[in-house]
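Work through the exercises below with the sequence and coordinates open. Each task is followed by a solution in steps.

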Amino acid sequence: MSYSRELDIALLAVQRATLLTKSVYSSHSKGTLSKSDSSPVTIGDFGAQALIISSIKHAFPEDEVVGEEDADDLRKDNSLRDLVWDLVQAAKLDDSAAEDKLGGPIKSADDMLQAIDSGRSAGGRKGRIWALDPIDGTKGFLRGGQYAVCLGLLVDGIPTVGVIGCPNLPIDDQAPLDSSVGAQADDKEGKGVLFGAVTGHGATSRPLSKGALAPANAISMKPISDISQATFCESVEAGHSSHGDNAAIASKLGITKPSVRMDSQAKYGSIARGAGDLYLRLPVSKTYEEKIWDHAAGVVIVQEAGGRVTDAWGKPLDFGIGRTLKENKGVVAAPKDVFPTVIEVVKEVLNAKE
Ligand SMILES: Nc1ncnc2c1ncn2[C@@H]1O[C@H](COP(=O)(O)OS(=O)(=O)O)[C@@H](OP(=O)(O)O)[C@H]1O
Ligand SMILES: [Mg+2]
Ligand SMILES: [Mg+2]
Ligand SMILES: [Mg+2]
């Protein structure tokens, strides 16, 4: 199956949600709350989740959604709910055919809360389940770094469609990648890219637009003849991925270039278009379970661009067990031909710690 309608709806839904996140990104008040795991959530996360779930439920009413957020905090605080509702009403694509495909505006604040809460699926191995991260890299979003709006479709537990909107990444797939891309990121002229992929049908990038989709460019990972020349990407927050282990792996591979630190699944998009080469996410904690919405879209895009993605022990990521990747630890993504070399070194570094 080509999943062309799913891809089209996912691209438009993510693009519409980025209109909302961009308005919050440029505003001083982001309505930040701290969740029970002490991670941040903003009015941008809630609003983007509402818009995307309402689009999916309009186009594919039978599908389930595993979304990162829920509406509990908004149901307890009417003024916060009203802030999100104002944002949601304002986020419209300036193309009526595109808006129609997404079911047009959400009708009421209650419908908005219901949409957000429709992301409570437990996940699983049967049927069609969308994995949604309305703002990935919320810490980057607050700090002024990279962030991404991410939507993946799992079919019987297999990531099949992936879309990532990165308002702060350069449009140009060939733009040089260094730490300046990850730090102090903005969405000025020349920024804003929308990645998309369907298993078996390749990966693309296109400029984010305010209306109909812009034309797509095919993307692929860069062939690497000498692994020591590779550029690797990692998280900004040392609490999300072990900078020390990542550095030990790079050094064993002979890599001398500094890592590119950036928040969010912008890392998957950046390596898929050949701006960077490797994504290393070595576990920091023995108990943390990676969330399916942090990886589903990125995995499809990297695989379709010629890459392989597994956990840090080389095990396939299992998206069919529930809301988390509880049978996996860490993530490694690399072009297919160098993947075996990279994963051997990752295992050496992990084994030395056991
Ligand atoms: N302890 C720990 N280990 C690994 N991952 C964690 C951890 N805690 C949080 N998270 C998740 O990290 C998501 C952001 O990942 P990033 O790679 O963007 O990290 S960073 O922002 O660059 O630091 C972030 O996604 P968002 O909440 O959507 O921002 C979290 O789901
Ligand atoms: Mg996330
Ligand atoms: Mg998030
Ligand atoms: Mg979060």
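**Exercise 1.** Locate Glu68 and decide whether Glu68 is buried or exposed.

Solution. The model is predicted. Start with the secondary structure: Glu68 sits in the loop that joins strand 3 (64–67) to helix 3 (72–76). Next, count neighbours. A residue is buried if 20 or more other C-beta atoms lie within 10 Å of its own. Glu68 has 23 C-beta neighbours inside 10 Å, and therefore counts as buried. Finally, list the contacts, leaving aside neighbours within four places in sequence: Leu132, Asp133, Pro134, Lys291 and Trp293.

**Exercise 2.** Repeat the analysis for Asp136: which element holds it, and is Asp136 buried or exposed?

Solution. Asp136 belongs to strand 4 (residues 128–136). Because Asp136 has 30 C-beta neighbours inside 10 Å, it counts as buried. Not counting residues up to four places away in sequence, Asp136 touches Tyr147, Ala148, Cys150, Ser264, Gln265 and Asp294.

**Exercise 3.** State which residues the UniProt annotation "binding site" covers, and how they are arranged in space.

Solution. According to the unreviewed UniProt entry, the "binding site" annotation covers Glu68, Asp133, Ile135, Asp136 and Asp294. These residues are spread over 227 residues of sequence, yet they cluster in space, with a largest C-alpha distance of 9.8 Å.

**Exercise 4.** Describe the shell around ligand 1 and explain why ligand 1 lies between the domains.

Solution. The shell holds 20 residues, and the closest are Ser235, Val236, Glu237, His240 and Asp263. Strand 4 and helix 7 (138–143) are the elements that give two or more residues to this shell. The largest share, 3 residues, comes from helix 7. By class, the shell divides into 3 nonpolar, 9 polar and 8 charged residues. Domain 1 (4–219) and domain 2 (227–353) both contribute to the shell, so ligand 1 lies between them.

**Exercise 5.** Characterise the contact between domain 1 and domain 2.

Solution. The centres of domain 1 and domain 2, taken over C-alpha atoms, are separated by 23 Å. Across the contact, 45 residues of domain 1 meet 35 residues of domain 2. On the side of domain 1 that touches domain 2, the largest share, 8 residues, comes from strand 6 (158–170). That side divides into 23 nonpolar, 15 polar and 7 charged residues.

**Exercise 6.** Report the predictor's confidence.

Solution. The protein has a mean pLDDT of 97, and 100% of its residues reach 70 or more. For the complex, the predictor gives an ipTM of 0.95 and a pTM of 0.98.

Methods
Residues are numbered from 1 along each chain as its sequence is written. Chains are lettered from A and ligands numbered from 1 in the order in which they are written. This is a predicted model: local features need pLDDT of at least 70, side-chain atom pairs count only at pLDDT 80 or more; totals for chains, interfaces and linings use all residues. UniProt positions are given in the numbering used here, feature names are shortened, and annotations may be inferred rather than shown by experiment. Helices (H or I, at least four residues) and strands (E, at least two) are DSSP runs, numbered from the N terminus. A residue is buried if 20 or more other C-beta atoms lie within 10 Å of its own, exposed if 12 or fewer, and partly exposed in between; C-beta atoms are placed from the backbone. Two residues are in contact if their C-beta atoms, placed from the backbone, lie within 7 Å. A residue is near a molecule or strand if its C-beta atom, placed from the backbone, lies within 6 Å of it. Ala, Val, Leu, Ile, Met, Phe, Trp, Tyr, Cys and Pro count as nonpolar, Asp, Glu, Lys and Arg as charged, and the others, Gly among them, as polar. Domain bounds come from an automatic or database domain assignment. pLDDT is the predictor's confidence in each residue, from 0 to 100.
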